[in-house]
Amino acid sequence: MLRAQLLALVPLLAAAAATQACVARNDAQLASDSSGAEDVAGTESDVESLGTSLVGSDGESLATQSLAGGDVTVSSGNPGYYFQPAGCIQATADTTKQTVTYVFSSCTGPLGLVALNGTVTADWQLAGDQLTVDFAASGFQVNRATIDSWQATAVITTTGNQRSMSWNASLSGTTGRGRAFTRTNQKNVSWTIGVPCIAASGQSTGDILGADLQTSVVSWQRCAEACPQSGSEISVKNLDKGDSIDIKYNGGDSAEMTVDGGRSIEIGLACGL
């Protein structure tokens with residue numbers, strides 16, 4: 001049986017909403033462990049969501065349109081819609097170098113993104129219907145987490161109204177709850193123009209508080225309210241010891257967590273805030 005101290009290390013929610021915190025209703029110790037464990041996975045999800053939100057609605061460009069007040073607007077066809085308040089984000093594009101620099105200042109964005117501060121650079125290349133974007137940032141803040149280093153390559157393919165993004169990233173930093181991490185993740189993320197949702201699958205590996213953990217996103221869908229949709233499922237394995245945890249989402253603010261294929265417990269989710 002997975003011990004309580006191990007649970008504190010496991011990132012239960014690989015694509016959890018930015019402010020999500022699990023609360024076990026029947027086991028106080030497990031509740032405390034679970035809420036800490038999902039910090040890193042939530043940060044990974046936030047970075048992926050930010051990446052999708054900076055892709056133009058045509059799937060062949062980056063969002064750079066400035067409105068009165070200076071805020072960058074993402075087309076209503078994208079998973080999210082805009083960053084606010086007005087003027088919280090400035091975008092500077094160099095079309096010759098094919099680079100956009102985004103400077104965030106206390107922004108709130110789509111899919112539960114809050115407290116965005118810092119600078120993100122994005123270099124792009126377009127070949128046929130395929131857009132490749134290289135993201136980079138250091139000292140970037142999102143949802144109270146600080147990302148010391150973030151590098152990612154996103155390859156976006158357009159088919160009609162469908163968008164598919166292959167995501168390969170490495171990031172390190174400290175979560176909003178003070179947990180240090182160094183991770184790599186490979187995800188497939190998709191969305192449909194006019195539908196404010198993203199779907200994801202894939203895997204994340206690396207160090208969290210000294211443990212070598214592998215998180216598999218079996219299936220995942222996250223919409224405007226930021227809570228995982230019914231049918232979403234996450235599994236986590238400690239590669240050193242072989243212990244595992246599985247979470248199946250009921251939709252809304254509840255999910256079922258199973259430890260080592262045995263005991264299950266219902267957990268509540270503070271998501272969609």
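Q: Which side chain has a polar atom 2.9 Å from the backbone oxygen of glycine 206?
A: That's arginine 183: a polar atom of its side chain lies 2.9 Å from that oxygen of glycine 206. A polar contact here is a pair of N or O atoms within 3.5 Å; within protein, one must be able to donate a hydrogen and the other to accept it, and residues adjacent in sequence count only if both atoms are side-chain atoms.

Q: What does the side chain of arginine 183 reach at 2.8 Å?
A: The backbone oxygen of leucine 213.

Q: Where is arginine 183 found, and is arginine 183 buried or exposed?
A: Arginine 183 sits in strand β9, which covers residues 180-192. With 2% relative accessibility, arginine 183 counts as buried. Buried means under 20% relative accessible area, exposed over 50%, and partly exposed in between (1.4 Å probe, protein chains only).

Q: Before I go on, what kind of model is this?
A: A predicted one, where local features need pLDDT of at least 70, side-chain atom pairs count only at pLDDT 80 or more, and totals for chains, interfaces and linings use all residues. Residues are numbered from 1 along each chain as its sequence is written, and side-chain values use heavy atoms, with hydrogens and water left out.

Q: What's the average pLDDT for the protein?
A: The average is 75, and 76% of the residues score at least 70. pLDDT is the predictor's confidence in each residue, from 0 to 100.

Q: Where is pLDDT below 50?
A: Residues 1-37 are one such stretch, and pLDDT also stays under 50 over residues 66-81.

Q: New topic: how many disulfides does the structure hold?
A: There is 1 disulfide, counted as a pair of cysteine sulfur atoms within 2.5 Å. The disulfide joins cysteine 88 to cysteine 107, with an S to S distance of 2.2 Å.

Q: Why does that pair tie together separate parts of the sequence?
A: Cysteine 88 lies in the loop between α3 (39-53) and β2 (89-94), while cysteine 107 is in strand β3 (residues 99-107), so the pair links parts that are 19 residues apart in sequence.

Q: Are those two cysteines buried or exposed?
A: Cysteine 88 and cysteine 107 are both buried.

Q: Last one: how many helices and strands are there?
A: The protein has 3 helices and 15 strands. These are DSSP runs numbered from the N terminus: helices are H or I with at least four residues, and strands are E with at least two.

How values were computed
Contact = heavy atoms within 4.5 Å.
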